Amino acid sequence: MNERTANILIGGEEYTLLLTTKATREIAGRYGGLENLGDKLMKSENFEMALGEIVWLITLLANQSILIHNLKHRDDPRELLTEDVVELLTAPSELATYKAAITEALYKGTKRNIESEADTKNAVAAE
């Protein structure tokens, strides 16, 4: 799962951001699709709105790994993050770090692994 994640610190505790199919559906419902997310974040009308969107995304993506943990460890559930908790435990100066982690998690979650064909009959010889 590490190849699909990015980590951030919130209030001194590490959280793993993970893009799941569930999170993708929620993002699509809010923005109309992943492709619209970048535009929305970059073109936010004001700083308060941009902060709100980033807090929402951090909460959504960090909660995916917590939900998976809770599914696999029903006897040891972890508490989900709320937007209020994220806002209280973070500083606006951390915004750039969080945006980078969000971008990394989204990129890793949507990346397609393309493997080379073992059969070289269609390969072009290097000249």
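1. A search of the whole structure, which is a predicted model, finds one aromatic pair. Its members are Tyr31 and Trp56, whose rings stand edge-to-face. The centres are 5.9 Å apart and the planes make an angle of 75°. The angle falls in the edge-to-face class because that class takes planes over 60 degrees apart.

2. The pair joins two helices. Tyr31 belongs to helix 1 (residues 21-31) and Trp56 to helix 3 (residues 47-72), so the contact ties together parts that are 25 residues apart in sequence. Tyr31 is buried, and Trp56 is buried too.

3. Trp56 has a further neighbour to note. Arg30 lies over the face of Trp56, at 4.2 Å from the ring centre. Arg30 is partly exposed, with a relative accessibility of 38%, whereas Trp56 under it is buried.

4. Arg30 also takes part in a salt bridge: its side chain meets that of Glu53, with 3.2 Å from N to O. Because Arg30 lies in helix 1 and Glu53 in helix 3, this pair ties together parts that are 23 residues apart in sequence. Glu53 has a relative accessibility of 9% and therefore counts as buried, while Arg30, at 38%, counts as partly exposed.

5. How many salt bridges does the structure hold? There are three. Besides the one between Arg30 and Glu53, there is one between Lys22 and Glu26, with the closest N and O atoms 3.5 Å apart. The distance qualifies because the limit for a salt bridge is 4 Å. Lys22 and Glu26 are both in helix 1, and because they are four residues apart, about one helical turn separates them. Lys22 is partly exposed at 47% relative accessibility. Glu26 is partly exposed as well, with a relative accessible area of 33%.

6. Another salt bridge is formed by the side chains of Lys108 and Glu104, at 2.9 Å from N to O. Both residues lie in helix 5 (residues 95-110), four residues apart, which is about one turn of the helix. Lys108 counts as partly exposed, at 23% relative accessibility. The figure for Glu104 is 35%, and Glu104 is likewise partly exposed.

7. A polar atom of the Ser65 side chain lies 3.0 Å from the backbone oxygen of Ala62. Is Ser65 buried or partly exposed? At 14% relative accessibility, Ser65 counts as buried.

8. On the surface, Val85, Leu88 and Leu89 form a nonpolar patch. Together these residues have about 290 Å² of accessible area. Leu89 is found in helix 4, which covers residues 83-89. With a relative accessible area of 43%, Leu89 is partly exposed. Leu89 can count towards a patch because the requirement is over 30% relative accessible area.

Notes:
Residues numbered from 1 in each chain as written. Predicted model: local features only at pLDDT ≥ 70, side-chain atom pairs only at ≥ 80, totals over all residues. Heavy atoms only, no water. Patch = residues over 30% accessible without salt bridge, like charges linked within 9 Å, V, L, I, M, F, W, Y side chains within 5 Å. Areas by Shrake-Rupley, 256 points an atom, 1.4 Å probe, with all protein chains shown as cover. Buried < 20%, exposed > 50% of the residue type's maximum accessible area, 1.4 Å probe, protein only. Phe/Tyr/Trp six-rings, centres within 6.5 Å; stacked < 30°, edge-to-face > 60°. Lys NZ or Arg CZ within 6 Å of the ring centre and 35° of its normal. Polar contact = N/O pair within 3.5 Å; in protein donor to acceptor, adjacent residues only side chain to side chain.
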